[in-house]
Amino acid sequence: MALDKEQSARTVKTRDWSLRYYEAGSGHPLVMLHGSGPGATGWSNFRGNIEALAEHFHVYAVDMPGWGESDPATVDRLDHVDAAIQFLDALGISRAAFVGNSMGGQTSLRLATEHPGRISHLVTMGPPVGRMPSLFGAGDGPSEGLKVLIEAYQDPSAENMRRLVEIMCYDKARFATPELCEARSQAALARPEHLANYVAGLPHGAPLPRWVDPARLPDIAVPTLLIHGRDDRVVSFESSLFLLANIPDSRLVVLNRCGHWAMIEHAEEFNRLVIDFVRGNSGDD
């Protein structure tokens with residue numbers, strides 16, 4: 001039987017937040033953190049991964065503050081690393097593998113440098129590294145994909161969601177369906193406070209007011225798997241090359257014919273990579 005969204009949905013009250021998450025499986029904890037797009041949630045980002053990973057791990061796909069069914073968050077309260085630690089504490093999880101897409105990847109990187117005792121494995125998919133010069137990135141500010149993402153926050157119509165999904169994926173015909181675009185639009189419009197907070201926070205650093213310190217990347221000691229689409233138009237795979245060069249125990253998989261959503265476009269391969277990586281680098285767990 002396929003994993004059911006409502007049956008796997010849970011809510012936990014942490015010190016500062018009410019957080020929605022999706023739970024399945026047993027064994028070593030594996031926390032999945034979504035990206036920053038309008039309508040993004042733990043379920044929408046990872047619905048094609050949770051069930052397969054739950055055959056091996058205790059999976060938690062979290063709606064972070066400011067997204068999905070979790071509490072709204074103004075930019076002055078946006079600290080997803082602190083929220084992730086509160087989530088672990090509330091559920092009594094001492095240490096977990098973290099799997100982060102885009103914004104969730106940046107959160108996981110910073111968590112690994114600031115709370116090394118709480119993370120056992122690090123997996124990222126297309127994370128931005130920080131505000132630094134790049135060889136392949138746009139020279140006039142945000143990337144092409146991020147510009148479309150911001151426009152979708154300002155006007156989350158089905159048409160703008162189509163543009164967003166198309167720029168997120170390599171295989172537009174398969175993924176940018178009218179049904180998906182309408183669903184993403186409705187999900188975003190269902191929480192207008194999330195949209196308003198994101199747009200209002202943009203001049204002040206939203207959605208990432210705090211970034212990992214690049215100078216601390218060599219301090220990341222946990223096994224690290226970097227997955228990136230060669231055709232990513234949101235965050236160039238150059239960012240993962242930088243991470244590979246700076247995180248000692250890291251390896252990089254670059255997927256051809258893959259955009260920003262590696263876990264969606266290449267779900268079966270992504271699931272195999274994560275399962276083999278976490279199980280094969282068990283350390284002292």
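Which residues of H11 are buried? The structure is a predicted model, in which local features need pLDDT of at least 70 and side-chain atom pairs count only at pLDDT 80 or more, while totals for chains, interfaces and linings use all residues. Residues are numbered from 1 along each chain as its sequence is written, and side-chain values use heavy atoms, with hydrogens and water left out.

In helix H11 (residues 238–246), the buried residues are Glu 238, Ser 239, Ser 240 and Leu 243, where buried means under 20% relative accessible area, exposed over 50% and partly exposed in between, for a 1.4 Å probe and protein chains only. Helices (H or I, at least four residues) and strands (E, at least two) are DSSP runs, numbered from the N terminus. Ser 239 counts as buried because its relative accessibility is 10%, and, when residues up to four places away in sequence are not counted, Ser 239 touches Pro 127, Val 129 and His 228.

Helix H5 also takes part in a packing with helix H4 (residues 80–91), in which the axes lie 9 Å apart at an angle of about 75°. Axes are lines fitted to C-alpha atoms, for helices over the stretch in contact, and angles run from 0 to 180 degrees between N-to-C directions. H4 and H5 are therefore roughly perpendicular to each other, given that angles under 35 degrees count as roughly parallel, over 145 as roughly antiparallel, 65 to 115 as roughly perpendicular and the rest as oblique. In this packing, His 80, Val 81, Ala 84 and Ile 85 of H4 meet Met 103, Thr 107, Arg 110, Leu 111 and Glu 114 of H5. By class, the contact of H4 with H5 comprises five nonpolar, two polar and two charged residues; Ala, Val, Leu, Ile, Met, Phe, Trp, Tyr, Cys and Pro count as nonpolar, Asp, Glu, Lys and Arg as charged, and the others, Gly among them, as polar.

For helix H7 (residues 158–168) and helix H9 (residues 178–189), the axes come within 8 Å and cross at roughly 115°, so that H7 and H9 are roughly perpendicular to each other. The crossing of H7 and H9 is right-handed, whereas that of H6 and H10 is left-handed; a crossing is left-handed if the near helix is turned anticlockwise from the far one by less than a right angle, and right-handed if clockwise. The axes of helix H6 (residues 144–154) and helix H10 (residues 192–201) come within 9 Å and cross at roughly 130°, which makes H6 oblique to H10. Leu 149, Tyr 153 and Gln 154 of H6 make this contact with His 194, Leu 195, Tyr 198 and Val 199 of H10, and these residues divide into five nonpolar, two polar and no charged.

The structure holds zero disulfides, a disulfide being a pair of cysteine sulfur atoms within 2.5 Å. The sulfur of Cys 181 has its closest cysteine sulfur in Cys 169, at 9.4 Å, which is too far for a bond. Cys 258 is likewise in no disulfide, and its nearest cysteine sulfur, that of Cys 169, is 8.4 Å away. Cys 181 is buried at 3% relative accessibility, and Cys 258 is buried with a relative accessible area of 0%.

Terms used
Contact means heavy atoms within 4.5 Å.
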